[in-house]
Structures are given as structure tokens and as C-alpha cells.
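Hi everyone, thanks for coming along. Let me put the structure up, and then I'll walk you through a few things I'd like you to look at.

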Amino acid sequence: MIGVRNIVVVLLCITVVAPIVLYTDRLGSSESPPSTRQDLIEDVSAFPFSAADSSHLNLLPQETSTVLKEPIGVVYTDDDSVNRRNLPQALQLAESREHVSARVLSTTTEEDQTEKDSNIKLVTDETKQGSQGGDGSMEKGDTISEHVSGEDAIDVDDHDGKLTHDSTEEPLVKGTILEQQQATETSGGNKKRPETYKQNDQLPSDARVQQLKDQLIQAKVFLSLPVVKSNPHLTRELRLRVKEVTRVVGEATKDSDLPRNAKEKMKAMEQTLLKGKQIQDDCAASVKKLRAMIHSTEEQLHVLKKQTLFLTQLTAKTLPKGLHCLPLRLTTDYYKLNASQQQFANQEKLEDPNLYHYAIFSDNILATAVVVNSTVVNAKDATKHVFHIVTDRLNYAAMRMWFLGNPPGKATIQVQNIEDFKWLNASYSPVLKQLASPAMIDYYFKAHRATSDSNLKFRNPKYLSILNHLRFYLPEVFPKLNKVLFLDDDIVVQKDLTGLWSVDLKGNVNGAVETCGESFHRFDRYLNFSNPLIAKHFDPHACGWAYGMNVFDLVQWKRQKITEIYHNWQNLNHDRQLWKLGTLPPGLITFWKRTFPLNRSWHVLGLGYNHNVNQKEIERAAVMHYNGNMKPWLEISIPKFRSYWTKYVNYGHVYLRECNINP
């Protein structure tokens with residue numbers, strides 16, 4: 001028995017153990033002869049795989065390669081610069097995933113470079129054990145996009161900074177190539193990046209937001225196509241993605257506003273869109289739908305613009321609750337004062353022609369306070385500045401009470417009631433006679449029965465206020481003064497203005513900054529040149545000039561009889577055929593060839609309507625003018641310009657707190 005057992009053991013060693021030892025030695029022993037290892041390498045090399053492939057050996061069956069076009073300028077060749085140690089992880093097999101994919105960039109031939117503008121071939125290897133789609137088959141788009149991040153899928157056009165999506169697969173290929181290039185730089189150290197990616201380093205701050213919005217548009221187009229509607233699974237998935245992306249975008253205007261899961265949602269939407277692109281091939285239907293969407297959007301934009309214009313005009317005419325409360329509180333306290341407490345100091349300076357006199361005609365207490373405060377703060381010697389404020393009967397007591405409680409430093413203040421100007425009546429002033437006429441009242445307050453121009457801005461009741469026309473009666477208001485600096489109540493002063501009194505107007509009456517920079521500031525913008533009377537006397541291309549900060553020589557005014565000229569033109573415009581609205585058109589006519597152009601650094605305009613006013617012009621200007629509807633005391637003001645105005649308002653003042661007036 002022992003002999004038989006020994007024979008069995010020997011046979012077992014020969015038939016089982018010996019082959020295992022010999023085969024293992026051939027594969028892995030470091031002591032094996034070189035010729036043996038070389039034979040093994042030659043055997044392995046019989047398997048087909050590219051030199052640029054992953055270091056892992058893929059023995060799974062391959063699908064037919066897909067050829068995708070890449071933008072010109074990014075070409076990868078199979079040369080010595082791309083080697084096995086520089087291969088990115090994105091091109092290696094992902095062992096932890098349910099399915100395995102490997103991407104190989106094929107060699108770009110000279111023929112491809114000349115005829116196809118550097119096409120790039122992407123070979124995708126997939127396993128049959130991958131995740132299943134809705135119809136039981138693997139979605140190729142899902143497999144390809146596994147290694148593409150949301151950031152890499154964003155494509156920015158170098159020319160206009162807008163997002164572009166030229167084809168279904170292009171963002172994915174670009175993301176893959178970008179990953180490869182980044183990995184090559186990291187491992188190679190001194191590899192030079194292509195010029196295209198240097199230009200794309202600076203992505204816009206809203207690049208991802210725009211990408212998400214573009215995806216929403218594509219999804220909505222797909223949802224409207226019959227071929228997609230016939231696929232309930234894809235329709236449900238698209239609607240789900242639309243809800244997710246819409247929730248993610250929300251009110252975001254830049255990428256930093258997006259939530260953390262934005263990249264994940266963008267990738268999910270990208271994969272769903274790929275599915276839609278694979279099942280629809282009717283480009284004409286997509287183009288037709290996009291054109292319909294563009295037309296509908298343009299119609300909606302037109303309607304919204306009209307509504308915005310109406311609401312803006314309405315807001316500009318409406319007095320905010322806080323500014324309505326303020327004069328009521330001030331008026332109540334004013335009449336609690338005795339007569340001696342209601343008087344201002346330094347009244348002997350009011351008619352001294354050697355001082356610097358300002359004229360401000362306004363019924364807005366807070367705005368007037370900003371004009372006075374900003375002027376005094378920036379004045380070199382406040383004791384020489386005198387402010388003449390004229391307001392209406394409703395705001396007279398409140399205006400006086402404000403400056404009695406908040407005197408402008410060492411400057412002198414005067415507040416007058418326009419009702420006290422007995423000489424200003426309908427028999428003397430044509431504009432007063434016209435403003436009181438039934439036709440004018442019907443024009444402004446009964447627009448539904450008026451037959452004239454329907455533009456809402458032409459019916460702003462502020463044009464009924466005589467305060468706006470009082471600027472044409474400066475010699476009557478200040479009979480003993482030689483020069484007056486007229487200031488609107490929607491300006492902010494940020495430099496000393498005393499230099500304006502030394503400007504030589506060269507015999508002109510009005511010193512103002514011209515507004516020739518834009519075509520709509522020419523004479524033909526304000527006057528009706530179809531009327532022969534206007535066409536005969538004025539040049540339609542003449543430069544306009546700005547009201548809001550004007551130096552008026554009252555001596556020359558009287559000598560040249562400016563008020564009479566104004567009256568004559570007002571009588572000729574009794575039917576509003578020469579101009580429609582405001583005081584600028586009659587001002588252009590009255591001071592025609594009587595205006596001296598001041599340096600533009602004195603006065604910058606547009607802060608009440610133009611979001612693009614040059615910052616350097618604002619900084620160097622002596623006066624900033626919020627002309628337009630977006631006044632700084634309204635909620636519709638331009639935010640970036642509002643701080644120049646609010647810094648001269650003491651929001652901690654008791655009256656402002658009680659009236660809930662906040663910055």
C-alpha cells in the first residue's frame with residue numbers, strides 16, 4: 001500500500017504541480033531567460049490595441065468608431081509628445097463604474113488637416129454589461145459623457161463671448177481633449193498649451209448660467225417635436241430636467257449665484273439632450289420651431305417694453321409715501337414756532353452782488369437739501385454762498401422748517417413762495433395763460449379725450465407747474481443781482497463752483513455745457529422742423545445744451561430782452577405745434593446764439609436714464625445730473641449712481657426715520 005501511495009503522489013506532482021511551476025516561472029520569474037520573456041511579449045502584442053491606448057488591456061469587443069469634428073486649431077498627433085506616461089486618467093478604464101469605456105484619439109493625417117480642418121477621431125469601447133436605458137439598451141451619449149464635467153462642456157466663442165453649441169457631440173469631445181491637455185501639462189511639466197485654450201482661459205462670469213439657459217431652450221424645442229412627443233419616456237425625462245434646471249437657474253445672473261448642484265444638473269440635462277438629438281433628425285422642424293420661438297419672444301419683448309415705459313413714467317410722476325410724509329411733519333412743526341423762530345439769519349447778504357448766488361426752484365424738500373448740502377460741503381468758503389429757494393404754497397412752510405432745523409453751515413439761505421410774486425400772472429406770462437386754458441387741462445388730465453400726441457411723457461403734469469417756467473423770469477425774481485447760477489433739484493455738487501462766476505461769457509446770456517455727443521441732443525429732437533417757422537430760424541443739427549447747471553448773466557439778459565423773446569415764442573406755440581413739452585425746447589429757442597459753451601468737466605448728465613455713463617467723466621465732473629425718470633430718491637433709480645446722492649442725506653434724522661425714508 002505504501003508503494004502504491006508513493007506512485008500516486010509522484011504521478012500527481014508530474015501531472016499537476018509541475019506544469020503550474022513551469023508556467024508561473026515563464027510569466028513572472030525575474031530569473032527567466034530574456035528570450036523567454038520576449039516570447040511572451042510577442043504573444044501579447046498579437047492583441048490589437050493602439051500605442052496611445054490606456055495602460056490597461058481591453059479585451060472586450062469594440063463598436064465602430066465615431067468621427068467627430070473639433071474646432072480648428074486643436075490638433076493632437078500620435079507623436080513622441082504623447083506617450084504612455086502622459087495619458088490622462090479620463091482615457092483609462094473606470095473600474096468602479098458599472099460599465100467600462102476607453103477613448104482613444106487616432107492619428108491625425110496630413111490629409112485630414114488640409115481637407116477636414118483637423119478632425120479628431122474618438123473610438124469608444126463599451127461593455128455589453130453597461131447600464132440599460134429606457135428601452136433596454138445602453139445610451140451611447142451617457143457612456144461618453146461619464147468623464148466630462150459641467151465646466152468642460154461650456155464652450156465660449158472667442159469673438160463675441162456668447163455660448164455656442166455647433167453639434168451634439170462637440171462639447172463632449174472638447175471636454176475630453178481639455179482633460180487630456182490638462183493631464184499632459186501636469187505630467188509633462190513643460191508642455192506648451194495650444195493657443196486656443198489660452199484664449200479660452202478667461203471665461204465670462206455668467207458662462208455656466210448661459211449654458212443652462214441654452215439647454216432649457218433646446219429642451220423646449222425637443223418637447224415640441226412630434227418624434228420626441230411619441231417617446232413618452234424621453235418626454236418625461238426632458239420635462240423633469242427642465243424643472244430641475246429652471247429651479248437651479250432661478251434669478252442667477254452670474255455663475256457664483258448658482259447652487260452647488262448646478263454642475264450635476266447641467267451634466268444630467270446634457271445627457272438627456274443627447275438622447276433627444278439621437279432620435280430626431282428633422283432639422284427643418286427644429287429650425288421652424290426656433291423661428292416661432294424667436295417671433296413670440298420679440299412680441300413679448302415689445303409688449304413688456306411698452307409696459308415698462310408706462311410704469312416708469314407713472315413712477316416718475318408719483319410721490320413716494322416717505323416724501324409725502326416729510327412735508328406734512330415739517331409743516332406741522334413749522335406752525336408751532338413763533339414768528340422770531342421762523343426767520344433765517346444773514347438776510348442782509350441776499351442782494352449783495354459780490355457774493356455767489358444760487359437759484360433753486362423746487363417742491364422736493366429732500367432733493368433741495370441734497371443740492372444745498374453738497375454745494376456747501378465742497379465750497380472753499382461757505383460764507384460767500386447764498387441759496388435762493390423758490391417753492392410752491394403747499395411746500396413753503398415745510399421747506400422753511402427743514403432749513404431752519406438744518407441750516408447749511410455758514411452759507412445763507414432764503415426760501416420764497418411763488419404765490420408772493422404778484423407780477424407773475426396770466427396777463428403778463430403767456431405760459432400761465434396757456435396752462436390755465438381748458439384745452440391744456442384737457443390735454444394733460446383727460447388723455448382719453450385728447451386727440452393730440454398719445455405719448456405719455458408729453459402729458460406729465462409737472463409741465464403744468466409754473467416752477468418749471470420760473471427760470472425764464474430770473475431778472476424779475478432777482479432784480480438786484482448781476483449773475484446767478486441756476487441749479488436743478490436733481491443734481492449733486494462734488495466740487496467748488498466759485499470758478500463759474502469768473503467765466504467770461506463773451507457777451508452771451510447763458511453759460512451751459514453743450515450736449516452734442518448724441519444725435520438725440522440736436523435741435524431737431526426737440527423742435528418741429530416740419531413747421532416753416534422753426535425751419536426758417538433754426539438749424540436742425542445745431543447742438544443742444546443742458547439745463548440743470550447754468551450761469552446766467554442778468555445784465556445781458558435785460559439788455560437783450562430775453563424775457564420778451566421767450567414770451568413771443570410762447571405765444572406762437574399756443575397750439576403746441578412748435579414743440580410739445582418741457583422748458584428745454586423754449587430754452588433752446590430763447591437762448592439761440594446767446595449761449596456760451598462751458599467746459600464739459602463742469603457738468604455730466606444722464607445719471608437718471610443712462611446706465612453707461614463713463615466713470616471717469618463722473619469723477620472729474622463738478623456737477624452730476626440725474627436727468628431722466630430714474631431719480632435717486634425713487635426705487636427705480638440706477639443703483640450704481642445712487643450712492644453719490646445718498647451720501648449727502650442724513651438718514652438718521654428724526655424726520656426721515658419717522659417717515660421711513662431709507663437709503
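Cys-325 and Cys-659 are both buried, where buried means under 20% relative accessible area, exposed over 50%, and partly exposed in between, using a 1.4 Å probe and protein chains only. Before I go on: this is a predicted model, where local features need pLDDT of at least 70, side-chain atom pairs count only at pLDDT 80 or more, and totals for chains, interfaces and linings use all residues. Residues are numbered from 1 along each chain as its sequence is written, and side-chain values use heavy atoms, with hydrogens and water left out.

Back to our cysteines. Cys-325 and Cys-659 form a disulfide, with 2.1 Å between their sulfur atoms; the cut-off for a disulfide is a pair of cysteine sulfur atoms within 2.5 Å. The structure holds 1 disulfide. Cys-325 sits in helix H12 (residues 321–334) and Cys-659 in the segment after helix H24 (654–658), so the pair ties together parts that are 334 residues apart in sequence. The link of Cys-325 and Cys-659 is left-handed, with -70 degrees about the S-S bond.

Now the whole chain. How many helices and strands are there in the chain? There are 24 helices and 15 strands, taken as DSSP runs (H or I, at least four residues, for helices; E, at least two, for strands) and numbered from the N terminus. Of the 663 residues, 45% count as buried. Take contacts, meaning heavy atoms within 4.5 Å: among those between residues at least 6 apart in sequence, 74% join residues at least 24 apart.
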